[in-house]
Amino acid sequence: MAHMHKQYPQLLLTASEMGMADKSAVVAGVPVMDLMAAAGKAVADAVLERWSTCSVLVLCGPGNNGGDGFVVAKLLQAAGWSVRLAFMGSVEKLSPEAACFFHAWQGEVEEYSVDLLEQTDLVIDAMFGAGLTRSLEGKARDMVDALIEREIPICAVDVPSGIDGTTGAVLGKVAPAELTVTFFRKKPGHLLFPGRGLCGELVVADIGIPVTVLDELNLQTWENSPELWYRDYPWPRLDGHKFHRGHALVFGGENITGASRLTARSAMRIGAGLVTLAAPIKAWAVYATALTGVMVAKLEQSQEAEDFEELLLDTRHNAIAVGPGAGLAGFESIRTRKIVLAALITGRATVLDADALSAFANDPQTLFDAINGPCVMTPHEGEFARLFPKINKSPEINNNLADDKLTRARLAAKQSGAVVVLKGADTVIASPDGRAIINSNAPADLATGGSGDVLAGFILGLLAQGMSPFDAAAAAVWMHGEVGNEVGAGLIAEDLPEHLPKVLAVFKRQYLSP
Ligand SMILES: NC(=O)C1=CN([C@@H]2O[C@H](COP(=O)(O)OP(=O)(O)OC[C@H]3O[C@@H](n4cnc5c(N)ncnc54)[C@H](O)[C@@H]3O)[C@@H](O)[C@H]2O)[C@@H](O)CC1
Ligand SMILES: [K+]
C-alpha cells in the first residue's frame, strides 16, 4: 500500500476530520458561505434529478445541517416546487452563515409538528448532521417516529439524522432515507451498519473543498477498492515459475474436512503456485481422495504438531493457514494451539481463522505474544468477542454509546500485532499501524457456511505470492465480495473459488490493461 495516496477518493473522514477539512478550506480561501451554498445546491440538484415536482417539506435543525436545509428550500422553490420549511432551534444561535440563509428564505417558517407531514410527498432531512452529540428528543424525536411510520420518501443531508457519521451508530431512532447526499468524502458511518442500511442511495458531492486539505490530516481510513492495492497485486509474470508464486501450507483436521479443503482450493484459485494440505493420518484418505491439484501431507497420530513443525523446516512453505476445521474438541484444542504456535514461530506469513482463534479464548496473550511476523486474523463477531473480551467493553468504544466496529478492529490489531479482518456485511480490515479499510461490496448471499474458509484461502494465496498482509487481506475481502456478486442468489461456498477466474479477468482488464 505504498501507493496509497492521501487524495484518493476512497478516504473516509470522521466528523472531527471533516470539521478540520472545512476549516482548512476556509484558510485556503473558500468561505463557509460558499461551502454551505454548494452543499445545499448539491442536495437540491440530486433531488431535482430524481424526483419530479412535488410538495416538499424541509426539516431544518439548529446547526449548519439546518443551514444547508435553508439553501435547499430556496432552490427547490425557485425550481417551482411547493416548499414548506420547519425550523427547530433559535435563530440567535445559528452560525452567521446559517443565519444568513435563514433570512434569505422568504416563505413561512413553521414549527415542528407531525401534522406537517399530511400533504408532504418528500422530506428533506436537514435536522442533524455531523454535529449530533446525543439521541434525538422531543419534537425531533416525534418527527422521526412519524416519518418512520408514514414511510414518506426522505432525502437526507449529509447523514440521516440520528446516525453518528463516525461510527454508523444510531442514536435513538432514525428514519431511513431513500437518498443521502454527503459532502467532499464519505464518512465511516455511511459504510458501517446500522448506518449503512439507513442511507439509501449515497451521493458524494464536491462542494469546493480543495483536495490539498487532506495533506494536512493524518487520515487512516479508506473504503475498500482495487485503487488501494492493485499496483501491488501479484500477477503471474510471463517469465515466472510456479515456485515464484509461493507454496502455501494448510492444516486440516479430521472431523470437518470440507473447511480446510475450501481454504486450500481457494488459495490455488487466487494464484498460489503450490498448496499442501497437512492432515492427520485418520483423515488422510479423505483428503487424498478429494483433492487433485492440492497436495496432501500425512501427520502421524499423536505427533501431528511435531510433524507439522517438520513440514515447516522446508522454507519453501512461505505462507500458512490454520483454523478452518482445525478442531476444538478435547485434545484437538491443544493440538490446534500447538500448530498455531509452530506456524507463528517461523515468522512466515500466517492466516489464523475460526478454531485457531477460538482455541486461544482462555489465553489470548499467548497468541498475541507469538505473533512476530506477517499475520492476518479473520474473526467473525463471535470469535472476536472470545479473543478480545476487553475491547468490546473498553472506554474507547465511543463512551459505550456505540458498537464501533472500526475502533474495535483497530484496537484488536494494535493489541495482537496482526492485521485483523473483522468480518460481517461491513468487514473492517485493520492494521497494527492504525490504518483501516471498510469493505462495502459484499452481498448478503455471502453469509453462508464455508464462505469464511474461502476468504481465509484467498488471503493465504495472496500472502504466498508475496503480498503484504494488509494488502492481501483487503484484496481478498474485495475479491470475495465481487465473486459473491457474480454468483448472486443461490450461492454456496463451493461456488466462490470456481467463479473467481471471471472476477479476476474483469479486474485484470480494468486495472492491468495499458
Ligand atoms: N462546517 C462546514 O463548513 C460545513 C458544514 N456543513 C453542514 O453542517 C453540518 C454540521 O454542522 P454542525 O456542526 O452545526 O452540526 P449539526 O447541524 O448536526 O447540529 C449541531 C447542533 O445541534 C445540537 N445538537 C446535537 N445533538 C442534538 C440533539 N440530539 N438534540 C438537539 N440538539 C442537538 C448541537 O448542540 C448544535 O447546536 C454538516 O453535517 C453539513 O450538513 C455544510 O454546510 C458544508 C460546510
Ligand atoms: K441530516
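Colleague: Which residues of the largest nonpolar core touch the most other members?
Modeller: V58, V419, I429, I459, L460 and A473, out of 163 residues in that core. Helix α17 (residues 469-487) gives the largest share, ten residues. The model is predicted: local features need pLDDT of at least 70, side-chain atom pairs count only at pLDDT 80 or more, and totals for chains, interfaces and linings use all residues. Residues are numbered from 1 along each chain as its sequence is written.

Colleague: What makes a set of residues a nonpolar core?
Modeller: Its members are buried Ala, Val, Leu, Ile, Met, Phe, Trp, Tyr and Cys residues, joined through C-beta atoms within 7 Å. Buried means that 20 or more other C-beta atoms lie within 10 Å of the residue's own, with C-beta atoms placed from the backbone. Buried residues make up 51% of the 514 in the protein.

Colleague: Which domains does this core draw on?
Modeller: At least three residues come from each of domain 1 (15-216) and domain 2 (226-512). Those bounds come from an automatic or database domain assignment. The C-alpha centres of the two domains lie 41 Å apart.

Colleague: What does I459 touch, leaving out residues up to four places away in sequence?
Modeller: V351, V376, T378, A472, A473 and A476. Contact means C-beta atoms, placed from the backbone, within 7 Å.

Methods. Chains are lettered from A and ligands numbered from 1 in the order in which they are written. A residue is buried if 20 or more other C-beta atoms lie within 10 Å of its own, exposed if 12 or fewer, and partly exposed in between; C-beta atoms are placed from the backbone. Helices (H or I, at least four residues) and strands (E, at least two) are DSSP runs, numbered from the N terminus. Two residues are in contact if their C-beta atoms, placed from the backbone, lie within 7 Å.
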